[in-house]
Amino acid sequence: MISNPGASQNRIIPNVLNQQPHVNPETESTARTELHAFLNDALLELHHAQLVTGNGEWHWNEPELAHHTFIYMHKFTGKLIVNGTEFQVFRKSAFLCAPDTSLELSSDAGHEMEIYIIHYDLFRVAEKTQSRRIYERELGSPVTGWIQGPFYGIQRIVAQLAQQTSEASHTPLKTQLLLTDLLHMLWPQVDPSDSAGQEEPEQWLKSTLQYMREHYMHEIKLEKLAELAGMHPSYYSQLFKSRMQKNPIEYITHLRMNRAKELLLTSDLRIRDVAREVGYRDEFYFSRRFRNHAGYAPTSYAKQVHRNIVSLSYPYTDHLMTLGITPCAAQIQGHLPHMPKSLSLPFHAYEPWEQGRQAFLDVNPEMILTKDNAAAKAMEHIGDVAPIITIPWNQTDIFGHLEKIASIVDRTQAATDWLDRHERKAERARKKIRELVGDITVAVGTLTPKGPRMYSHRNFGHVFYRTLQLTAPQRIRTELAGKVPGVGFNWMPFTPGEWDGLEADVLVLAVNSMQERATLLQEMASNPLWNSHPAVQNGRVHFVEWNSWVVYAPHSINIQLDEAIHMLTNKRSHL
């Protein structure tokens with residue numbers, strides 16, 4: 001039985017073929033498997049196929065297509081207008097659109113034309129039992145938009161379809177087989193060599209994942225997700241699992257459990273309040289589900305030692321190693337006592353996410369550590385993989401970061417021990433500086449593509465101003481007045497050569513590489529303002545590599561302190 005209900009009852013299949021599936025399949029067979037799954041419950045019915053040839057001007061217009069329409073422009077020069085959007089066509093091209101699309105073709109004069117126009121209908125199973133099948137018409141299509149080829153195979157099939165239409169003896173079965181072959185041909189091939197990176201997901205997946213992330217604390221039905229995706233629920237679930245390695249219900253459960261773990265680790269909420277926060281009204285049912293998922297009861301989860309950690313922030317990678325924990329995978333920068341598995345991650349929140357999802361699944365983390373500016377991006381990509389623990393970056397300084405991370409990973413004593421050792425080392429360093437150098441002022445700046453900056457008590461300036469307690473230039477001291485050290489003021493832009501208020505006995509400048517030093521010095525040598533700075537006049541300018549000083553974290557700070565002592569007590573300029 002085939003029914004043709006109103007458009008409001010028709011399920012819409014999104015453009016999941018011609019968007020080139022953004023997945024990481026192990027083989028090309030993944031895409032083919034998905035097509036087979038779709039076609040198993042579909043019927044294709046040819047309405048009309050025609051071949052248009054000629055050499056003169058030609059115009060064809062369909063304000064509202066009644067059928068799925070595939071156009072193969074084997075020889076054509078002109079324009080194609082789809083829903084008011086105009087495209088110029090100069091060579092072999094193929095385009096497919098769903099019913100209700102506005103379509104217009106116009107050829108240029110003086111060019112040979114050979115165009116195949118195929119109209120067909122698509123039906124999907126609405127009811128399936130052993131005794132009967134009921135099909136409903138689909139207005140959407142698994143293939144829409146521009147088709148990349150192969151044009152030789154496409155021409156062979158559309159030519160046969162056009163011939164079938166012109167012959168009175170054509171059979172529906174043969175045309176259905178030809179249409180099925182055509183869809184197989186239009187389904188894009190996935191190149192396994194492209195599977196290393198993480199590309200943008202298809203729109204249907206992106207929109208439903210976003211809906212789940214925003215509504216996981218409420219009841220979410222599979223039918224609602226399928227509606228958002230424009231798919232039949234069973235097909236949506238199957239396609240979702242092929243992309244995310246778990247079905248939609250499992251994905252939602254993982255989101256809920258990971259958010260619960262975050263609350264148990266970072267808050268003092270009661271179990272019943274945690275349950276309600278993540279969508280469970282019955283705390284006992286939540287506890288059973290949590291135990292099955294995590295292996296521990298919610299009451300004891302926070303007391304467990306979690307060591308299989310992924311760090312999405314290179315300073316926090318340093319913090320973990322300072323506390324005696326080597327992450328199972330991490331963003332890496334600067335010097336580290338050990339080298340965990342490196343992850344290609346954005347250094348700033350506005351940069352694109354580079355790392356593929358599979359890399360996180362492979363290491364099976366118990367916890368993911370991140371800065372607050374990357375938390376939303378982490379939730380988007382791997383929120384179902386493990387609890388994401390966010391340590392705010394700007395609310396506290398290096399010592400606050402260490403204390404917070406230590407409390408999360410149950411290493412408070414290790415943090416206390418490091419702070420004691422660091423303070424003893426800092427005191428010895430301050431004494432050495434006082435004895436060998438005396439009371440000096442130091443200006444600390446950077447000359448990198450981000451622009452010239454002068455730093456205060458945080459990041460690059462921490463070792464000089466907080467550890468060694470040296471005096472900053474007047475403008476920096478003015479900016480720091482009344483602000484909390486390490487939090488209230490970080491850096492300010494400056495123009496090289498304009499030193500008003502930035503004079504100091506010693507000038508320390510960070511550059512991207514020491515190879516840049518000669519070029520910078522050559523440019524500055526001819527600038528009289530540069531030569532007027534006291535540190536330049538006294539030969540007390542030092543260049544350091546930015547990559548070695550950018551990490552604001554314990555292990556790196558100790559290395560920077562050793563370099564600063566050598567730099568300041570050596571007295572020789574690095575010019």
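This is a predicted model: local features need pLDDT of at least 70, side-chain atom pairs count only at pLDDT 80 or more; totals for chains, interfaces and linings use all residues.

Reader: Which residues of H5 are met by residues of H4?

Author: On the H4 side, the residues involved are Trp204, Ser207, Thr208, Tyr211 and Met212. Their partners in H5 are Lys224, Leu225, Leu228 and Ala229.

Reader: Is helix H13 largely enclosed or largely open?

Author: Helix H13 spans residues 375–382. Its buried residues are Ala375, Lys377, Ala378, Met379, His381 and Ile382. Because 6 of the 8 residues are buried, H13 is largely enclosed by the rest of the structure.

Reader: What do the buried residues of H13 pack against?

Author: Helices and strands both take part here. The helices are H4, H7 (248–266) and H12 (357–363). The strands are E14 (367–371) and E15 (388–391).

Reader: Now for the rings: how is the pair Tyr72 and Tyr116 classed?

Author: There are 20 aromatic pairs by the rule used here. In the pair of Tyr72 and Tyr116, the ring centres are 6.3 Å apart and the planes meet at 20°. Planes under 30 degrees apart count as stacked, so this pair is stacked.

Reader: How many residues apart in sequence are the parts that this pair ties together?

Author: Tyr72 lies in strand E4 (residues 68–75), while Tyr116 lies in strand E9 (residues 113–128). The pair therefore ties together parts whose separation in sequence is 44 residues.

Reader: Are Tyr72 and Tyr116 buried or exposed?

Author: The cut-off for buried is under 20% relative accessible area. Tyr72 has 0% relative accessibility, and Tyr116 has 6%. Tyr72 therefore counts as buried, and Tyr116 is likewise buried.

Reader: How is the pair Tyr280 and Tyr285 classed?

Author: The ring centres of Tyr280 and Tyr285 are 5.9 Å apart, and their planes lie at 55°. Stacked needs under 30 degrees and edge-to-face needs over 60, so this pair is tilted.

Reader: Which rings have Arg453 and Arg458 over them?

Author: Arg453 lies 3.6 Å from a ring centre, over the face of Trp491. The charged end of Arg458 is 5.1 Å from the centre of another ring, and that ring belongs to Trp393.

Reader: Where is Asp100, and what is its phi?

Author: Asp100 sits in the loop between strand E7 (93–97) and strand E8 (103–107). At 46% relative accessibility, Asp100 counts as partly exposed. Although Asp100 is not a glycine, its phi is positive, at about 75°.

Reader: What is the phi of Asp410?

Author: Asp410 is found in the loop between helix H14 (398–408) and helix H15 (412–436). Asp410 is not a glycine, yet its phi is positive, at about 60°.

Key
Residues are numbered from 1 along each chain as its sequence is written. Side-chain values use heavy atoms; hydrogens and water are left out. Rings of Phe, Tyr and Trp (its six-membered ring) pair if their centres lie within 6.5 Å; planes under 30 degrees apart count as stacked, over 60 as edge-to-face and the rest as tilted. Helices (H or I, at least four residues) and strands (E, at least two) are DSSP runs, numbered from the N terminus. Buried means under 20% relative accessible area, exposed over 50%, partly exposed in between (1.4 Å probe, protein chains only). A charge sits over a ring if NZ of Lys or CZ of Arg is within 6 Å of the ring centre and within 35 degrees of the ring normal. Contact means heavy atoms within 4.5 Å.
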